[in-house]
Amino acid sequence: MHSQKSEKWSNDQIETLIDAYKEELCLYATNLATYHNKHLRADAMERVCKAVTSLRPFTNTKECSTKFHNLRNQFNIENAKVKTSFKSGTGTDDIYKPSLWYYEKLLFLDPYVTPRKSRNSMENEEKKQIYHVRILI
């Protein structure tokens, strides 16, 4: 059995994956009813994988899904940095410039990204101290 897990993805393969994924709204558009249909999503992922196998013959849907998940996570990190630099009141010269070569290709995901609520470790520490004080009283 031939496995390409150890082989690095080329830029062409990554671009093909992104382009094919972009065509399948049910894989990322959380506001659509089709997003919640696992059978439609599985079929869509098969089509994405089929597009990728033209350049990466032994790729399977799991590998495509994992690769896109990793690309999306990196995009979200970079996108958060960009948005933070806008909010910080910096000049246009100081706005964060993403280092990912595929950042612009993934901008179609931006409307569907819901940032997690930020956590403040100081608040958590204060809550723990208050809790301990209540126990002691």
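**View 1. What counts as buried, and how much of the protein qualifies.** A residue is called buried here when its relative accessible area is under 20%. By that cut-off, 27% of the 137 residues in this predicted model are buried.

View 2. Residues 24 or more positions apart make up 61% of the protein's contacts that have a separation of 6 or more.

**View 3. A look into the largest nonpolar core.** This core holds 26 residues. Leu 17, Ile 18, Phe 68, Leu 71 and Leu 106 have the most contacts inside it. Helix H1 (11-23), helix H2 (38-53) and helix H3 (61-87) each give at least two residues to this core.

**View 4. The surroundings of Leu 106.** Here we zoom in on one of the core residues with the most contacts, Leu 106. Setting aside neighbours within four places in sequence, Leu 106 is in contact with Ile 18, Phe 68, Leu 71 and Phe 75. Ile 18, Phe 68 and Leu 71 are themselves among the residues with the most contacts inside the core.

**View 5. Helices H1 and H4, and the predictor's confidence.** Please keep the confidence values in mind as you look around. Helix H1 has the highest mean pLDDT among the elements, at 98, whereas helix H4 (residues 121-136) has the lowest, at 57. For the protein as a whole, the mean pLDDT is 85, and 74% of the residues reach 70 or more.

Terms used
Residues numbered from 1 in each chain as written. Predicted model: local features only at pLDDT ≥ 70, side-chain atom pairs only at ≥ 80, totals over all residues. Heavy atoms only, no water. Buried < 20%, exposed > 50% of the residue type's maximum accessible area, 1.4 Å probe, protein only. Contact = heavy atoms within 4.5 Å. Core = buried A, V, L, I, M, F, W, Y, C linked by side-chain atoms within 4.5 Å. Helix = DSSP H or I, 4+ residues; strand = E, 2+ residues; numbered from the N terminus. pLDDT = per-residue confidence, 0-100.
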